[in-house]
Amino acid sequence: MSTLLEVSGVSVTFDGFRAINNLSFQIGAAEMRAIIGPNGAGKTTFMDIVTGKTRPDEGRVIWGERSDNLLKMSESQIARAGVGRKFQRPTVFEDQSVRENLAMALRNDRQPWKVLFYRKTDEGAARIEALAKQIGLSSELTRKAGELSHGQKQWLEIGMLLAQDPRLLLVDEPAAGMTPAERDHTTEILKEAAKTRAVVVVEHDMDFVEKLNCKVTVLHEGSVLAEGSLAHVTSNKNVIDVYLGR
């Protein structure tokens with residue numbers, strides 16, 4: 001499997017606290033990966049570095065077949081290169097319909113006037129229908145996003161990210177606050193997405209991680225503590241001591 005993202009020897013310190021400490025690992029071009037670890041392990045900082053929000057003190061973050069250095073790119077350049085991020089709380093346009101939210105996300109040209117004067121096309125309409133089906137919101141296209149359940153808003157935001165066709169999707173605790181049925185559907189959406197792109201899920205819920213059925217990277221104090229299947233990492237004595245035993 002070809003490597004899409006390679007984090008190599010990355011460290012970053014905030015006010016004397018080393019949030020990331022010589023972090024190194026790789027993500028394949030089409031794979032699901034779960035990242036787990038205790039609070040303060042560096043999970044969010046890792047996502048901040050990959051998306052350009054935080055600049056590390058040292059190390060390299062290499063992207064794609066051309067081995068581009070993400071650390072030399074701005075946040076907007078990184079997004080255009082194909083890195084999409086979903087934060088824990090859904091951020092959708094509450095007063096707009098589900099269809100309008102997806103239509104706005106479809107705009108490849110992010111210039112404000114191009115978004116405002118977006119012309120409807122058959123191709124765009126078909127893409128919106130396909131995205132709505134993929135996230136399970138086909139019957140909700142005309143509803144205002146603000147009327148959706150918490151889980152449905154999460155799906156809509158994932159759909160909005162998928163509309164931009166990212167090569168890497170970073171998802172922060174998608175299962176939080178969801179009903180069991182919503183969590184199951186979220187698993188299916190992410191698994192389907194990971195067939196054609198890399199999906200990295202930061203999560204605390206071990207049941208949810210188990211359903212993703214993927215390779216797991218355990219972070220502790222800003223470094224990789226263990227890596228492998230969920231069964232492998234959860235039987236690791238160090239992982240039990242620093243994370244699961246709490």
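Predicted model: local features only at pLDDT ≥ 70, side-chain atom pairs only at ≥ 80, totals over all residues.

**Exercise 1. State how the chain is divided into domains, and how far apart the domain centres lie.**

Solution. Taking the C-alpha centres of domain 1 and domain 2 next, one finds a separation of 26 Å.

**Exercise 2. Describe the interface of domain 1 and domain 2 by its contacts and by its buried area.**

Solution. Begin with the contacts, where 14 residues of domain 1 meet 13 residues of domain 2. Then turn to area, for the size of an interface is often given as the accessible area lost when the parts come together. Between domain 1 and domain 2 the buried area is about 1100 Å², and carbon and sulfur atoms contribute 67% of that area.

**Exercise 3. Identify the salt bridge and count the polar contacts across this interface, then characterise the side that domain 1 contributes.**

Solution. Step one is the charged pairing: the rule finds one salt bridge across the interface of domain 1 and domain 2. R197 and D165 form a salt bridge through their side chains, with an N to O distance of 3.3 Å; since the cut-off is 4 Å, this pair qualifies. Step three locates the touching side of domain 1, to which helix α7 (residues 180-193) gives the largest share, seven residues. By class, that side of domain 1 consists of seven nonpolar, three polar and four charged residues.

**Exercise 4. Which kind of aromatic pair do F25 and F46 form, and which parts of the chain does the pair tie together?**

Solution. A search of the whole structure returns one aromatic pair. The ring centres of F25 and F46 lie 5.2 Å apart and their planes stand at 45°, so the pair is classed as tilted. Because F25 belongs to strand β2 (residues 17-28) and F46 to helix α1 (residues 43-50), the pair ties together parts 21 residues apart in sequence.

**Exercise 5. Give the number of salt bridges in the whole structure, and examine the one between E58 and R18.**

Solution. The search of the whole structure finds 17 salt bridges. One of them joins E58 to R18, whose closest N and O atoms are 3.4 Å apart. This pair links distant parts of the chain, with E58 in strand β4 (residues 58-63) and R18 in strand β2, 40 residues apart.

Definitions and conventions: Residues numbered from 1 in each chain as written. Heavy atoms only, no water. Domains from an automatic or database assignment. Contact = heavy atoms within 4.5 Å. Buried area = accessible area lost by both parts, 1.4 Å probe. Polar contact = N/O pair within 3.5 Å; in protein donor to acceptor, adjacent residues only side chain to side chain. Helix = DSSP H or I, 4+ residues; strand = E, 2+ residues; numbered from the N terminus. Nonpolar A, V, L, I, M, F, W, Y, C, P; charged D, E, K, R; others polar. Phe/Tyr/Trp six-rings, centres within 6.5 Å; stacked < 30°, edge-to-face > 60°.
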